Amino acid sequence: MDLETLKKTVAEGLEEAGAAQTADAVEAVRITYLGRKGLMPQVMKELKTVAPEEKAEVGRLANTFKKELAELLESRREELSGDGKGAAESATFDYTLPGRGPRRGTRHPISAVIEEAVAIFGRMGFTVAEGPDVETPYHNFEALNTPGYHPSMDRQDTFWLDDGKLLRTQTSPVQIRVMESRTPPVRIVTPGRCYRRDTTDATHSANFHQIEGLYVDSQVSLADLKGTLAYFAHEMMGPDVAVRFRPHFFPFTEPSVECDFSCHVCSGSGCRVCKGSGWIEIAGAGMVDPRVFEKVGYDPETTTGYAFGMGIERIAMIRYGIPDIRLLYENDMRFLRQF
Ligand code: PHE
């Protein structure tokens with residue numbers, strides 16, 4: 001083979017090796033060029049017939065080509081062997097190893113508390129109702145007997161939108177929407193997002209969740225409310241948790257109370273979670289004010305009902321011992337995977 005032909009053969013060989021797509025094709029290229037009866041052994045054998053001035057060059061080129069092609073074929077073989085890692089590693093891969101399953105997701109503590117609260121109230125006959133996050137001032141304030149001079153209507157406290165609507169500051173407007181569209185008896189809970197212009201710190205967030213309850217019928221009493229919240233407390237926090245009412249004021253309930261649960265961390269003796277008091281404030285509640293019934297077209301003389309609203313984050317923090325509300329919103333996987 002003269003130098004010209006050999007150069008062509010070399011180029012073809014390298015190209016064929018690079019183009020081989022299967023282990024068999026790689027082997028076929030090897031046999032063609034490097035096999036015992038292949039082209040290269042033949043070139044060496046016929047070296048004596050090459051013109052003397054080309055002989056040295058042909059010998060040198062044939063030798064480098066043999067080495068180069070062998071290396072190229074070897075690396076092609078490794079690339080094609082499956083995982084692209086190379087023959088040594090794939091040979092030691094243990095195919096009997098169990099597979100790696102996908103990591104299971106966990107429920108966010110806020111979702112977990114909402115789902116559980118809905119289930120607990122569900123056992124007492126409450127169904128779920130929902131309302132919009134963007135509310136009218138009528139539903140969020142006016143129909144709830146909250147006058148225009150009330151501090152909660154202030155621009156400092158409420159996110160007002162350009163079109164005169166607002167981001168609801170509480171889930172209570174859903175009470176109004178439900179009563180507007182149904183006749184008594186009404187027994188609903190409504191979980192959802194609320195918004196207030198609070199500066200974020202360990203216990204405040206401008207965006208938080210409440211679950212609201214409303215029971216309206218003809219002979220509903222404060223004792224019914226207390227029994228309902230006590231049952232909820234036991235189911236959510238444990239059988240030893242006590243419930244107490246403190247007098248309070250809300251524009252849309254009369255009388256109004258705040259409802260505390262005894263601290264389940266220290267069982268009432270006082271700790272950091274309850275700030276030494278033994279009690280934790282959980283809900284605002286009361287008997288629906290007759291003026292609210294008037295707004296939704298119910299007869300205030302014959303209709304009675306109670307309402308309550310509580311903070312989901314507050315319950316989640318106490319239940320799971322979460323020291324800072326911001327942990328609930330940062331989506332740090334190290335935090336979330338614990339639940
Ligand atoms: N909406 C009140 C709040 O956000 C809580 C509440 C709900 C009070 C229902 C009474 C009745 O503070």
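Predicted model: local features only at pLDDT ≥ 70, side-chain atom pairs only at ≥ 80, totals over all residues.

**Exercise 1. A helix and its neighbours**

Task: Find out how helix α4 spans its residues, which of them are buried, and what they pack against.

Solution: 
- Step 1. Start with the extent of the helix: α4 covers residues 52-80, which makes 29 residues.
- Step 2. Go from its first C-alpha to its last, and you get 42 Å, close to the 42 Å expected at 1.5 Å a residue.
- Step 3. Now pick out the buried residues of α4: Val-58, Gly-59, Leu-61, Ala-62, Phe-65, Leu-69, Leu-73 and Arg-76.
- Step 4. Finally, look for their partners. These buried residues pack against α1 (3-19), α2 (23-34) and α3 (39-45).

**Exercise 2. Around the ligand**

Task: Describe the shell around the ligand, from the residues that form it to the polar contacts they make.

Solution: 
- Step 1. Count the surroundings: the ligand has 14 residues around it, and the closest are Gln-170, Ser-172, Arg-196, Gln-210 and Glu-212.
- Step 2. Sort the shell by residue type. It holds 5 nonpolar, 7 polar and 2 charged residues.
- Step 3. Ask which elements supply the shell. At least two residues each come from β5 (207-217), β8 (279-288) and β9 (304-311), and the largest share, 3 residues, belongs to β9.
- Step 4. Check the polar atoms. In Ser-172, a polar side-chain atom is 2.9 Å from a nitrogen atom of the ligand. In Arg-196, a polar side-chain atom is 3.0 Å from an oxygen atom of the ligand. The side chain of Gln-210 has an N or O atom 2.9 Å from an oxygen atom of the ligand.
- Step 5. Turn to how covered the ligand is: alone it exposes 320 Å², and the protein buries 90% of that.

**Exercise 3. A closer look at Gln-210**

Task: Is Gln-210 buried or exposed, and which residues does Gln-210 touch?

Solution: 
- Step 1. Locate the residue: Gln-210 sits in strand β5.
- Step 2. Compare its accessibility with the cut-off. Gln-210 counts as buried because its relative accessibility is 11%, and buried means under 20%.
- Step 3. List the contacts. Leaving aside residues up to four places away in sequence, Gln-210 touches Gln-170, Thr-171, Thr-190, Pro-191, Gly-192, Cys-194, Arg-196, Met-310, Gly-311 and Ile-312.

**Exercise 4. Backbone details**

Solution: 
- Step 1. Begin with the bond from Pro-184 to Pro-185, which is cis with omega near 0°. Pro-185 belongs to the loop between α8 (173-181) and β4 (186-195).
- Step 2. Move on to the bond from Glu-254 to Pro-255, which is cis with omega near -5°. Pro-255 is part of strand β7 (residues 253-262).
- Step 3. Take Lys-275: although not a glycine, Lys-275 has a positive phi of about 55°. The loop between β7 and β8 holds Lys-275, and Lys-275 counts as exposed because its relative accessibility is 74%.
- Step 4. Asn-331 is in the loop between α11 (312-320) and α12 (333-336), and Asn-331 is exposed with a relative accessible area of 53%.

Key. Residues numbered from 1 in each chain as written. Heavy atoms only, no water. Helix = DSSP H or I, 4+ residues; strand = E, 2+ residues; numbered from the N terminus. Expected span 1.5 Å × (residues − 1). Buried < 20%, exposed > 50% of the residue type's maximum accessible area, 1.4 Å probe, protein only. Contact = heavy atoms within 4.5 Å. Near = heavy atom within 4 Å. Polar contact = N/O pair within 3.5 Å; in protein donor to acceptor, adjacent residues only side chain to side chain. Areas by Shrake-Rupley, 256 points an atom, 1.4 Å probe, with all protein chains shown as cover. Nonpolar A, V, L, I, M, F, W, Y, C, P; charged D, E, K, R; others polar.
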